[in-house]
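Hi,

I am passing a structure on to you, and my notes on the ligand and the core follow below. Have a look at it first, then read on.

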Amino acid sequence: MSKILFTPGPTNVPEEIRQVLGQDLIHHRMADYHQLLKEINEDLKVVFDTNNDVLILTSSGTGSMESTIVNLFSTNDEVLVINTGWFGERFIEICQVYGLQVHELRYEWGKTYNVVDVQEMLEKHPAIKGIFVTYHETATGVVNNLEQLGNLTKNTDRLLIADCISGMIVQQFHLDEWGVDCAVASSQKGFLLPPGLSFVALSNKAKEAVEHSNIPKYYWDYRKYLNYFYNKAEQPFTPAISIVVALQAALRQLLAKGLPQIIEDKQSIRKYAEDKFKELGFTLFIEDESIRGNVLVPVIVPKDIDGSKLTALIDERYDFTVAGGMGIYAGRMLRVGIIGEITEREIDLLIEYIKEVLPECKK
Ligand SMILES: Cc1ncc(COP(=O)(O)O)c(C=O)c1O
């Protein structure tokens, strides 16, 4: 059974990539894997737009988020978390688990941060060592401006850590130019791969910070990943080899198409879907178009409609899967993921199916 996933990750994996995933394994301590890892690293550097090497962890996105905290900070360090939704909240929880002192700037869902608040927070708490922010907040569809934050941290000792798990590939990103010190991303989003790999890009400032962290770590220790890569072109622990092999194919495809083209296509699909949902009587969740991302289209269902029933019926009857709202928006929002190979045709079909089941979803 195959389903079309209108979800903000995992997405459908293109047929050519699935074929690569099904290939027999190669061994991760041998020359062919070394060559593969070196080539992938060069492509990942293009994706993150950085001159530094990019680490590949075997983990879901949350593991890579945790890795940033245990590698870059020490117990009791003061940090600022810009919380614009579900995944901003997660950074707070992980920081607290490791005994960091968290200052929080919390914003209403559907809104971005205010840079003046950030400046004031940094002035009031000069000991803040790092700022955590979610690039694309998958619970709301909001894109937070990283460049603006990079301008506040660039020529200071402070680190800027960005969760780019859903935003990478479909939003533009420039690690070095924007002054982001650590960015994490995951395979199951714009990379069009199954879940299982995460990527970590580090600035020189971040690499320096790794040397001073006192938080205990073993599996996540960036020093191990850096040393293994430099000395052997390997990873310290058995990687998800099949996904690494498929990553090369995926990166080649994405880069052949060109990241600017991908972003343009996604923008156009986003606008197309927005218009269709408006025609259907749904309300766009994010008022300010300049902060709408290309990962998903968040729409509020009409008041008399049960959104949970709608997503369940679509999933059961048509083999189309659409994500619902998170947190207080559960049952009230659809998050129509567009990072997969979604075209206007799929959007039209989805709208048609929604129209068919809508009368049954009346409260
Ligand atoms: C922005 C963002 N951060 C973190 C995560 C968590 O990633 P995972 O579920 O792979 O651990 C997700 C997953 O949807 C995400 O979209």
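Let me start at the ligand: a polar side-chain atom of Thr62 sits 2.5 Å from one of the ligand's oxygen atoms. This is a predicted model, in which local features need pLDDT of at least 70 and side-chain atom pairs count only at pLDDT 80 or more, while totals for chains, interfaces and linings use all residues. Residues are numbered from 1 along each chain as its sequence is written, and side-chain values use heavy atoms, with hydrogens and water left out.

Thr138 also places a polar side-chain atom 2.4 Å from a ligand oxygen, and for Lys189 the distance is 2.6 Å. Taken alone, the ligand exposes 390 Å², of which the protein buries 85% (Shrake-Rupley areas, 1.4 Å probe). The ligand is surrounded by 14 residues, with Ser60 and Asp163 among the closest (a heavy atom within 4 Å). Helix H3 (61-72) gives at least two residues to this shell, as does helix H4 (86-97) (helices are DSSP runs of H or I, at least four residues, numbered from the N terminus).

Now for the core. The largest nonpolar core has 63 residues, and Phe48, Val118, Phe173, Phe191 and Phe199 have the most contacts inside it. Such a core joins buried Ala, Val, Leu, Ile, Met, Phe, Trp, Tyr and Cys residues through side-chain atoms within 4.5 Å, where buried means under 20% relative accessible area (1.4 Å probe, protein chains only). Its largest share, nine residues, comes from helix H10 (residues 241-257). Domain 1 (4-9 + 258-361) and domain 2 (15-256) both contribute residues, so this core lies between them (bounds from an automatic or database domain assignment).

Best wishes

Definitions and conventions: Buried < 20%, exposed > 50% of the residue type's maximum accessible area, 1.4 Å probe, protein only. Polar contact = N/O pair within 3.5 Å; in protein donor to acceptor, adjacent residues only side chain to side chain.
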